Amino acid sequence: MTGRFRIGGARLMHIYTWVLIAWLVLPISVMILFGFNNPSGRYNQTWQGFTFKWYRDVFALEALTDALVMSLVIAVMTALIAGALGTGIGYALGRWRFRGAGGLNLLMFAAISSPELVMGSSLLSMFVSLGVSPGPVTITIAHVMFSVSFVAIVVRARVVTLDRSLEEAAADLGASGWTTFWKVIFPILLPAIFSGVMLAFALSIDDFVITNFTGGTTETFPMWIWGATRVGLPPQVNVMGTMIFAAGVLIAVASNIRSRSKKKVAA
Amino acid sequence: MDRVKRTLAPYLLVLPGGLWLVVFFAVPMATMVSLSLQEGDVVNGFVFTGHWQNYVESLADYQTQLIRSLVYGAVTSFVLIVLAFPVAYWIAFYGGKRKATYLFLILLPFFVSFVLRTISWRMLLTDDGVLLHPLKEAGVLPADFQVLGTATAVIAGLVYSFLPFMVLPIYVALERIDPRVVEAARDLYASPVSSFTKVIFPLALPGVFAGVLMTFVPASSDYVNSELLGSSETTMIGQVIQSKFLSNSDYPSASALSFTLMAVLLVGIFAYARALGTEDVMKVAAR
């Protein structure tokens, strides 16, 4: 079957795919490697020897640690709020046809495909016009705004595939609509909600452009790095970047393995 | 009573999130349009005067940067189609059981902060860094050879930043192709090449369009790559807007530029939505 797709050069394409992956991974490897570098001066640019000391002193720079904590707090708040709001939208869009659904869809599409620069600058315009001073709260508002649609899409995709006979069965057994939702539907949706929440968390912790516009002088992890580029980045940045990378990859792999083993059980 | 509850249920669920999007996405856009037609300064405040001159003046001053950004965005998307298509093709048709693993590898950069990734590139490409220094020592490159600060460096950075956004939609489109269609083409004596150009590629086009939308918009409005990898010769409109908003507090003309950029991109975004629907982009976005 797939034989019909083989247009020759498959081997070349295979090698090419790996070259491209290597290219994608190259700057990541550099980031990880230079977390172990032992630079003599302020510039962590050339390799000068192996050390673990930046892992030991990872939280030694107070301002950087504060920025990381700020990023984590904002990401958790964003994930919780966007998780709740996005689940509401996703469930409604997947479950019912209703007036306004098309408009809402278009609004979500616009929020996903609009340039971050424009979303950030227009939010700043509004905050300036209203005299609201930017800070962690305005950053969180902005992060919820751009991540809520992603959560909604992930949840909707699961709701669409729900077996409606489950609800009927629950109703036949005398469960109220409310009980059915919490005891039957919600547990089924939970993995999708969890991936939506994790996605919102990841989008928030990585965000630079919108934070740059809506944060004022608030320093998140990416903002701190941006501010420090000119004077040279301390190796602690590489260590923290590596830790975020490792945590993200581990969570992604773990949830993948979990959903696969569940599928096997179901089969 | 129960009926009323049931008709109301979707609206109640949608309301908080929908309101959030209206208040913090749609309303700010309107505020920005209004701000772009105002006059004044930060100290004395801004007044709405329908001042169209903001557009005329800022476009006259920064048309070079605006056009440059659109050109960089277009080149980035084009390079990405060429780079990403074979990879998406290989994963879709030869990936076998490892498809998910390959896609995961393609997505790996997203686990590192965007700014940090770009800084890593700057480190790699710096004049006497790990890549250029050995080549210069060996005499492969002249001693004064430079990558940083050039348009090539900025576009390469943009290509790197948004590559996954081109691979994924093309992959999704290729995945969807019914193998029987290709078999039919072969049974009707289409050569491998013509079954690719006449059957597979046209079917993959929606994915290519989605990829162009998802890469052209962020690339042409980016300012991180041109700030970190470029020079004054490569200044993009995003940098102008960013510094007008955040350093100079020149809100009206910054808003005018930002809205102009949005208007240009919006034409593309809605033309895409009308022609091909919103599903493909949303599906890919949520991966």
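Modeller: Let's start with a term: a residue is buried if 20 or more other C-beta atoms lie within 10 Å of its own, exposed if 12 or fewer, and partly exposed in between, with C-beta atoms placed from the backbone. A nonpolar core is then a set of buried Ala, Val, Leu, Ile, Met, Phe, Trp, Tyr and Cys residues joined through C-beta atoms within 7 Å. This is a predicted model, where local features need pLDDT of at least 70 and side-chain atom pairs count only at pLDDT 80 or more, while totals for chains, interfaces and linings use all residues. Residues are numbered from 1 along each chain as its sequence is written, and chains are lettered from A and ligands numbered from 1 in the order in which they are written.

Colleague: Fine, so how many residues does the largest nonpolar core have, and which ones have the most contacts inside it?

Modeller: The largest core has 150 residues, and those with the most contacts inside it are Met145(A), Val151(A), Ala88(B), Val167(B) and Ile170(B). H3(A) gives the largest share of this core, 14 residues. Helices here are DSSP runs of H or I with at least four residues, strands are runs of E with at least two, and both are numbered from the N terminus.

Colleague: What does Ile170(B) touch?

Modeller: Contact means that the C-beta atoms of two residues, placed from the backbone, lie within 7 Å. Leaving out residues up to four places away in sequence, Ile170(B) touches Ala84(B), Phe85(B), Ala88(B), Ala204(B), Gly207(B), Val208(B) and Gly211(B).

Colleague: Let's back up to the chains. What is the secondary structure of chain A?

Modeller: Chain A has 11 helices and 0 strands. Its C-alpha trace spans about 75 × 60 × 35 Å along the principal axes, and 42% of its 267 residues count as buried. Of the contacts in chain A with a separation of 6 or more, 82% are between residues 24 or more positions apart.

Colleague: And chain B?

Modeller: Chain B comes to 13 helices and 2 strands. Its C-alpha atoms fill a box of roughly 80 × 75 × 30 Å along the principal axes, and buried residues make up 46% of its 287 residues. For contacts between residues at least 6 apart in chain B, 71% join residues at least 24 apart.

Colleague: At what angle do H10(A) and H4(B) pack?

Modeller: Two packed helices are described by the angle between their axes and the distance between the axes. Axes are lines fitted to C-alpha atoms, for helices over the stretch in contact, and angles run from 0 to 180 degrees between N-to-C directions. H10(A) and H4(B) pack at about 30°, with their axes 9 Å apart. That makes the pair roughly parallel, since angles under 35 degrees count as roughly parallel, over 145 as roughly antiparallel, 65 to 115 as roughly perpendicular and the rest as oblique. Pro222(A), Ile225(A) and Trp226(A) meet Val115(B), Leu116(B) and Ile119(B) there, giving 6 nonpolar, no polar and no charged residues.

Colleague: Is H4(B) mostly covered or mostly open, and how many of its residues are buried?

Modeller: Mostly covered, as 9 of its 12 residues are buried, including Arg117(B) and Trp121(B).

Colleague: Now the loops. Where does Tyr189(B) sit?

Modeller: Tyr189(B) is in the loop between H8 (179–187) and H9 (192–220) of chain B. Its phi is positive, about 65°, although Tyr189(B) is not a glycine. Tyr189(B) counts as exposed because it has 8 C-beta neighbours inside 10 Å. Ser249(B), in the loop between H11 (237–246) and H12 (251–276) of chain B, also has a positive phi, near 50°. Ser249(B) is exposed, with 12 other C-beta atoms within 10 Å.

Conventions
Ala, Val, Leu, Ile, Met, Phe, Trp, Tyr, Cys and Pro count as nonpolar, Asp, Glu, Lys and Arg as charged, and the others, Gly among them, as polar.
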